[in-house]
Amino acid sequence: MNVEEEVGRLREEIKRLGNLQSDGSYKVTFGTLFHDDQCANIFEALVGTLRAAKKRKVVTYEGELLLQGVHDNVEITLNPTPAAAAAN
């Protein structure tokens, strides 16, 4: 799987597990993503995929590197697509 494809899959998983916000974004905690069985089967390196998505401004979260346990409560926000933001 290439990086763009993994980031696309990450977007789908955050929508599945996260909560829709009024601005069209979705929020989920790192722990929720990390401990989900389906995510574990999809992403070999979840942290790397999150960093790639952050670099592409697909997601936002505090800090650079998320570690299981220590950062389980860090909120990851899936930024709304321009079309979703325009609809609001």
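**Note on the sheet and salt bridges**

1. Glu13 is buried, with a relative accessible area of 4%. Buried means under 20% relative accessible area, exposed over 50%, and partly exposed in between (1.4 Å probe, protein chains only). This is a predicted model: local features need pLDDT of at least 70, side-chain atom pairs count only at pLDDT 80 or more, and totals for chains, interfaces and linings use all residues. Residues are numbered from 1 along each chain as its sequence is written, and side-chain values use heavy atoms, with hydrogens and water left out.

2. Glu13 has a charged partner. A salt bridge joins Glu13 to Arg16, with 2.6 Å between the closest N and O atoms. The term stands for a side-chain nitrogen of Lys or Arg within 4 Å of a carboxyl oxygen of Asp or Glu. Glu13 and Arg16 are three residues apart in helix H1, so about one helical turn separates them. Helices (H or I, at least four residues) and strands (E, at least two) are DSSP runs, numbered from the N terminus. Arg16 counts as partly exposed, at 39% relative accessibility.

3. How many salt bridges does the structure hold? There are four. Another of them pairs Glu4 with Arg56, the closest N and O atoms being 2.7 Å apart. Glu4 sits in helix H1 (residues 3-17) and Arg56 in the loop between helix H4 (46-55) and S3, so this pair ties together parts 52 residues apart in sequence. Glu4 is exposed at 51% relative accessibility. Arg56 is partly exposed, at 36%.

4. Now the sheet. It is open, has four strands in the order S1-S2-S4-S3, and pairs in the antiparallel sense. Two strands pair if DSSP finds at least two bridges between them. Which strands lie at the edges? They are S1 (19-20) and S3 (59-60), each pairing on one side only.

5. Strand S2 (residues 26-29) runs antiparallel to strand S4 (residues 75-78), and four bridges join them. Val28 stands opposite Ile76 of S4.

6. Lys27 pairs with Glu75, and their closest N and O atoms are 3.6 Å apart. Lys27 belongs to strand S2 and Glu75 to strand S4, so distant parts of the chain, 48 residues apart, are linked. Lys27 is partly exposed, with a relative accessible area of 27%. Glu75 is partly exposed too, with 44%. Elsewhere, salt bridges that share partners join Glu13, Arg16 and Asp36 into one network.
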